[in-house]
Amino acid sequence: MLQQTQVKTVIPYWERWMRELPDVAALAAAPEQRLLKLWEGLGYYTRVRNLQKAAQHLVTKHAGQFPRAFADVLALSGVGRYTAGAIASIAFNAPAPILDGNVIRVLTRLFAITENPRDKATNTELWELAARLVEAAAPRQHFAFCRPDLIVSGACSAINQSLMELGATVCTPQNPQCLPCPVRAHCAAHREGRVNELPNLGPRATATSREFHTFVVERDGKYLVTQRPAGIVNAGLWEFPNLEVTGRNKIPAATLQQLLQVSAHCEPLCEVKHTITRYRITQRAFRVVLKAKLPPAEERFCWLTLAELHQQPFTSAHKRILARISQPSN
Ligand code: SF4
């Protein structure tokens, strides 16, 4: 849940999720639409599908228990090298490295690495550096024999959490707090006066604007909606009929005709803006009151009452449009 999402946003989702699906077996057996409804609004729905696949894997291959070995954790759906390293080190104190945006920033500054961390060779170098740090923290048998008083229990967990936390709270992208920083004496970027140059992430990808016309089509107290097909982004979620429009085609009645093969008045309803990766998306929603039936070509759509709409999982932007039509004045 926390991938790409802030803690304060996640907390109510987490609490509801744990009430409804309190263990791995419950998650493994849950119907997809129930999962999507519980996840509705968090976005990046691949995460919830992977979570269920991982739960099913745990039930069938590990008797419902979470594995301790790094390779077994890495084999779970949706778990990459970073997440497997975080689980293995934080939960089980294994000497597994982690490398996320925060750790990259700390390491490139601490060691004054000037190459772009997105380049393959530099990325490999950073993983090796992170591995050396966590391995150095791991308790060693001979050391434990000589100086058991100096062994720090949970040291692998602690060093990885320290690196992430340092990047999140002290060594921030803008205005890093170098003065009180606990590793300032070892920081090459600080010594060389290059803190603001690092990490060298190269030019930012330019944002692309996209615009959609969305139609809240109403007939006899029911609304026209469709479920997104399998194999595309946000698969299985519900939405109102919509179509991307380009510079030459921005008349809503023309979009409606193209989408549903009907002519009707389109009343502006609301505008919803959101961002997905590098896309700045504007959904212009229009209300359409339909008297006639839709042509048969539009069987992929179905009619649901407002109460029924609220039972379905909607994409984030369309959930906001649904909230708009659910207001008392509408
Ligand atoms: Fe980051 Fe400054 Fe600390 Fe170096 S001294 S690790 S740049 S906060």
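Predicted model: local features only at pLDDT ≥ 70, side-chain atom pairs only at ≥ 80, totals over all residues.
The size of an interface is often expressed as the accessible area lost when the parts come together. For domain 1 and domain 3 the buried area is about 860 Å², and carbon and sulfur atoms contribute 46% of this area. The interface of these two domains contains 1 salt bridge. A salt bridge also joins the side chains of Glu-40 and Lys-319, with an N to O distance of 3.2 Å.

Helix α1 (residues 7-20) packs against helix α3 (residues 32-39) at an angle of about 150°, and the two axes are 10 Å apart. The two helices are therefore roughly antiparallel to each other, because angles over 145 degrees are placed in that class. On the α1 side the contact is made by Tyr-13, Arg-16, Trp-17 and Glu-20, which meet Arg-34, Leu-35, Lys-37, Leu-38 and Trp-39 of α3. Of the residues in this contact, 5 are nonpolar and 4 are charged, with no polar residues.

Asn-102, Val-103, Arg-105, Val-106 and Leu-107 are the α7 residues in the contact, and their partners in α10 are Leu-163, Met-164, Leu-166, Gly-167 and Ala-168. By class, the contact of α7 with α10 comprises 7 nonpolar residues, 2 polar residues and 1 charged residue.

Two features of the backbone were also noted. Most residues other than glycine have a negative phi, and most peptide bonds are trans. Tyr-44, by contrast, has a positive phi, near 45°. This tyrosine is located in the loop that runs between α3 and α4 (46-61). The peptide bond from Leu-198 to Pro-199 is cis, and its omega is near 0°. Pro-199 is placed in the loop between α11 (188-192) and β1 (208-219).

Technical notes. Residues numbered from 1 in each chain as written. Heavy atoms only, no water. Contact = heavy atoms within 4.5 Å. Helix = DSSP H or I, 4+ residues; strand = E, 2+ residues; numbered from the N terminus. Nonpolar A, V, L, I, M, F, W, Y, C, P; charged D, E, K, R; others polar. Buried area = accessible area lost by both parts, 1.4 Å probe. Salt bridge = Lys/Arg side-chain N within 4 Å of Asp/Glu carboxyl O. Axes fitted to C-alpha atoms, helices over the stretch in contact; angles between N-to-C directions. Parallel < 35°, antiparallel > 145°, perpendicular 65-115°, else oblique.
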